[in-house]
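Have the sequence and the 3D view open, and look up each spot as we reach it.

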Amino acid sequence: MFRNYVKIAFRSLMKNKLFSSINVFGLALGMSCSLLIGLWVKDELSYDRFLPDAESIHYVRVNFPYNGETVTNTVTPGPLQEAIAKDVPEVAAVTKINFGNEVLMKVGEITAKEKGHYASADFFGVFDLPAVYGNPKTALAQPNQIVITRKVAEKFFPNGLAVGKTLQLDNNKFYVVGAVLENLPTNSSLQFDWLVNWKVYEEGWMKTWGNNSFQTFVRLKPRTTLAQTEVAMADIYPRFAGKNFETGRPVLQPITDLHLHSDYKNGKSVGGRIEYVRIFSIVALFMLLIACINFMNLATAQSAMRAKEVGVRKVVGALRSSLIGQFLSESMITSGLAVVLALGLVWYVLPTFNATFEKQLTLDLTEPTLWLAIGGLVLLTGFLSGSYPALFLSSLQPIKILKGSGPALRLQTSSVRSFLSPALFRRALVVFQFSLSIFLIVGMLAIGRQMNYMRTKNLGLDRENVVYIPLEGEIAQPKKVEAFRQEVMRQPAIASATTAMSLPVNVQSTSGDLNWPGKDPNLQTNVSCMFVGGDFTKTMNIKLVDGRDFRTDSPADSTNYLINEAAAKLMGMKDPVGKDVQFWPGKGKVIGLMKDFHLNSLHQTITPLILCFDSRNTSYLLVKTRAGQAPTAIADLEKLAKQFNPNYPFTYHFLDEEFESLYRSEQQVNTLVNYFGFLAILISCLGLFALAAFTAEQRTKEIGVRKVLGASVTNIVGLLSKDFLKLVMIALILSTPLAWWSLSKWLETFAYRENLSWWIFGVAGVLAVAIAFLTVSYQSIKAAMMNPVKSLRSE
Amino acid sequence: MIQTINLQKLFSTEEVETTALNGINMDVKDGEFVAIMGPSGCGKSTLLNILGLLDNPSEGEYNFYGTEVAKMTERQRAQLRKGSIGFVFQSFNLIDELTVYENVELPLLYLKTPPDERKKRVEEALERMSIMHRRNHFPQQLSGGQQQRTAIARAVVAKPKLILADEPTGNLDSKNGEEVMKLLGELNDEGTTIIMVTHSPYDAGFAHRIVNLFDGKVVTENFHV
């Protein structure tokens with residue numbers, strides 16, 4: 001019997017080539033979108049699950065009450081790790097690492113920059129990472145040893161064993177390779193190629209509780225819960241951190257949540273990247289649904305053609321259940337064909353997808369889970385798209401179908417159609433399909449608009465024509481930084497230069513250490529802070545409302561400060577210039593008041609900022625090039641860098657690239673919504689095209705009669721297109737509130753945003769109607785141009 | 001043996017109610033060949049549909065080989081119909097996507113006949129209808145007569161007790177029509193009960209008895225000797 005179904009299915013597919021190819025191609029497009037997103041979602045959900053005993057590893061954050069709310073610090077102070085190790089018996093191991101350094105590695109003639117961390121000795125007590133050679137635990141305990149990954153080992157020691165050999169870091173210290181680790185997979189939150197003992201890196205300020213700059217991880221003992229450990233940690237700050245910080249409460253987050261649930265609000269995890277995983281999953285389902293709707297629409301539209309077969313089968317003994325089985329098998333077969341095409345499409349676009357989304361996803365056909373997913377997709381698609389046609393077709397009654405032939409059959413089946421009203425169902429499906437498409441078009445427009453807003457918004461500082469280079473090697477030496485900067489500023493293509501501890505478009509360091517005369521002892525502050533060199537405001541073109549910039553010739557400036565308007569407001573100072581303040585470097589005066597500028601992504605409001613003057617404690621040289629002279633300026637910079645810092649390869653970046661990278665997730669969503677919005681419209685239009693072809697065919701006689709009676713081509717086109725356009729209009733009305741609501745929610749994640757305007761919906765509506773009209777009009781015009789004599793004779 | 005008592009069939013729409021059958025009492029004995037005649041709209045096909053278990057009467061009784069079927073559900077009727085009734089239509093009603101062989105095989109597939117037996121019976125039926133040489137052709141590739149012979153092969157392949165034919169020669173020329181009627185006559189001679197709806201007095205001449213309907217009622221019954 002099944003063979004009979006398969007035979008019929010293939011012959012039906014071949015008989016209606018247009019409809020069949022639209023069905024298979026549409027389903028394949030929908031399926032390939034779902035497969036791609038499925039691969040992406042699987043990768044996102046797999047982050048850090050490769051770690052041995054991943055469930056017991058946790059990331060430590062610290063909650064602080066702050067003006068009635070709770071602020072969660074993602075980074076922790078150095079002494080926290082020792083305190084946890086000493087005081088929390090629930091913890092089996094605890095480690096801290098710095099944020100990561102790129103160092104210049106050198107072995108003989110081979111040099112390259114590699115990223116790694118300084119980590120406290122118990123790192124491998126928390127992360128039991130597999131070693132290729134050596135014992136990483138003992139290696140990291142030695143201050144003169146380094147642990148590297150297989151990738152680095154193969155690069156620097158291509159001819160043999162790395163363990164026991166010597167590596168030079170930053171043209172300075174030598175380290176013996178103590179162990180080689182397996183490379184970290186891409187779905188690891190931690191990404192490094194070397195680890196060196198923390199003690200080598202540690203400085204005095206890292207031992208204070210007021211400086212939050214490090215990441216702390218713990219491994220819990222077996223049968224210990226997160227809640228239990230948090231309770232045990234609650235008294236660490238009151239006991240160890242001192243009066244200023246006694247309100248801090250460490251909180252734990254399972255490492256498997258770190259990648260997707262990193263946003264905290266009022267002390268609790270409120271999501272993060274998981275939102276995008278959800279959005280993309282919904283989009284995947286939407287794409288599949290849109291494609292399935294085409295199948296349902298075309299299958300029910302073609303029911304007249306299949307009606308006779310149903311009648312005959314019933315008359316010769318088919319039960320309804322066996323007919324349902326038959327039609328479901330057919331949709332499964334179509335779905336099976338589509339999945340083959342979809343796999344081809346995925347294979348073809350995967351490299352582009354990986355490049356866009358910075359992934360290394362693969363279509364590994366040897367992986368059983370992939371086949372399970374494909375099987376599931378075929379069944380789901382087959383069932384989604386085949387169930388209604390199967391139920392409808394199997395319900396047709398033979399006596400209404402089998403009487404007579406030719407026109408009589410058509411008449412009978414059309415009465416069956418109106419009786420069971422699949423036409424209404426079909427219209428509802430078209431509305432649903434176009435609602436989703438319009439939703440995606442609105443998404444495309446609104447997200448694109450917000451992205452454009454972010455790209456063009458005046459941040460209060462210049463990010464164009466600003467180049468930065470890392471200060472490393474010789475030019476990181478305190479004595480040489482300033483000399484190098486001065487030399488750079490002498491170049492004619494360079495307008496100005498400054499140094500900074502972090503990039504001014506992404507200031508991460510915060511401190512609660514700011515004090516001033518008259519400060520309310522109960523007021524807790526959390527200000528952003530940064531060390532900068534001379535000419536900072538000039539180079540970044542930040543407006544000084546009052547006072548002056550730091551001056552290299554003014555020794556007193558080492559304990560003077562620049563603040564922004566938000567900081568002045570926090571301190572309640574109307575004219576802050578000249579007022580006393582105390583911060584880490586010591587007691588000093590505010591010498592300049594800067595107009596507020598955006599120091600983080602536009603997701604965040606502008607926070608109070610204090611700048612300290614220290615050209616030695618900096619990481620970057622920021623260079624403002626003269627307009628149109630960036631290539632010359634970079635060439636000059638390279639020449640000077642080679643002269644001052646001959647042992648380091650010259651690298652440079654543009655500040656606006658760093659700025660753009662703050663919105664990588666949004667850009668990815670933007671790209672995805674653009675692609676999928678386009679595909680959704682394409683698949684919907686394929687369906688509409690076929691449906692219009694079918695309707696035109698059904699109404700051939702009517703069109704002929706109307707033409708004979710005097711209808712013009714325009715009349716006929718209007719007649720045939722009107723019904724479809726009505727459906728698109730209904731879709732617009734239905735999707736508008738949903739799109740409005742969900743996009744408003746998304747925009748709320750930005751502190752600075754371009755609000756939704758009605759015109760976006762107008763444009764989306766006009767676009768959808770225009771595209772639908774173009775799709776339908778081809779068939780309508782074709783039908784309307786037909787010679788009425790022919791169409792009437794064909795009846 | 002088939003018996004109907006006071007069979008009624010009403011068709012209702014929102015505005016009108018039409019009586020298609022109005023108190024039909026009819027007995028058909030095993031092995032009988034009955035022709036039903038009458039003007040268009042007199043209820044011939046409605047009666048045939050009810051006799052063929054494709055539809056239920058609105059009122060009355062219908063005894064089909066000892067089983068009262070008038071109140072049966074669609075599913076029960078389908079089970080009973082399977083294998084016991086063969087249908088022949090004016091418009092042949094072959095499935096366009098299946099070959100001659102596959103069309104004839106269809107009833108046996110639904111009866112779950114084993115493959116060897118199925119093959120044997122399909123080939124027998126095709127031989128019998130002299131259509132074996134066309135077994136791999138599709139319906140559109142056949143003449144009207146060949147299509148109807150295929151349809152008759154399909155109707156007899158499951159060896160039903162009863163064959164219902166609805167104007168079986170209506171779409172055929174006289175030569176092919178004659179052939180089809182002869183085939184039906186032969187089947188009847190071998191013991192198959194046949195009930196045929198026809199407009200053609202010539203075709204009706206093949207039957208043992210002619211039942212004339214008018215406005216949903218039996219008006220006359222003529223017996224051939």
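We start with B:Met1, which sits in the segment before strand E1 (2-12) of chain B. Helices (H or I, at least four residues) and strands (E, at least two) are DSSP runs, numbered from the N terminus. Leaving aside neighbours within four places in sequence, B:Met1 is in contact with B:Lys29, B:Asp30 and B:Tyr65, where contact means C-beta atoms, placed from the backbone, within 7 Å. B:Tyr65 is 64 residues away along the chain, yet the two C-alpha atoms are separated by 4.9 Å.

Keep in mind that this is a predicted model: local features need pLDDT of at least 70, side-chain atom pairs count only at pLDDT 80 or more, and totals for chains, interfaces and linings use all residues. Residues are numbered from 1 along each chain as its sequence is written, while chains are lettered from A and ligands numbered from 1 in the order in which they are written.

Staying in chain B, find the open, mixed sheet of six strands, ordered E6-E7-E8-E3-E9-E10. Strands pair if DSSP finds at least two bridges between them. E6 (85-89) and E10 (217-223) of chain B are at the edges with a single partner strand each, so one side of each has no neighbour in the sheet. E6(B) pairs with E7(B) (residues 162-166) in the parallel sense over five bridges, and B:Phe87 stands opposite B:Leu164 there.

For the angles, axes are lines fitted to C-alpha atoms, for helices over the stretch in contact, and angles run from 0 to 180 degrees between N-to-C directions.

| Helix | Residues | Strands | Angle to E8(B) |
|---|---|---|---|
| H1(B) | 44-51 | E3, E7, E8, E9 of chain B | about 150 degrees |
| H6(B) | 174-189 | E3, E7, E8 of chain B | about 150 degrees |

Over in chain A, helix H2 (residues 17-45) and helix H22 (residues 664-698) pack at about 160 degrees, with axes 10 Å apart. That makes H2(A) roughly antiparallel to H22(A) (over 145 degrees; under 35 is roughly parallel, 65 to 115 roughly perpendicular and the rest oblique).

Finally, where do the chains meet? 24 residues of chain A are in contact with 24 residues of chain B. H11(A) gives the most to chain A's side, with seven residues.

Conventions:
Contact = placed C-beta atoms within 7 Å.
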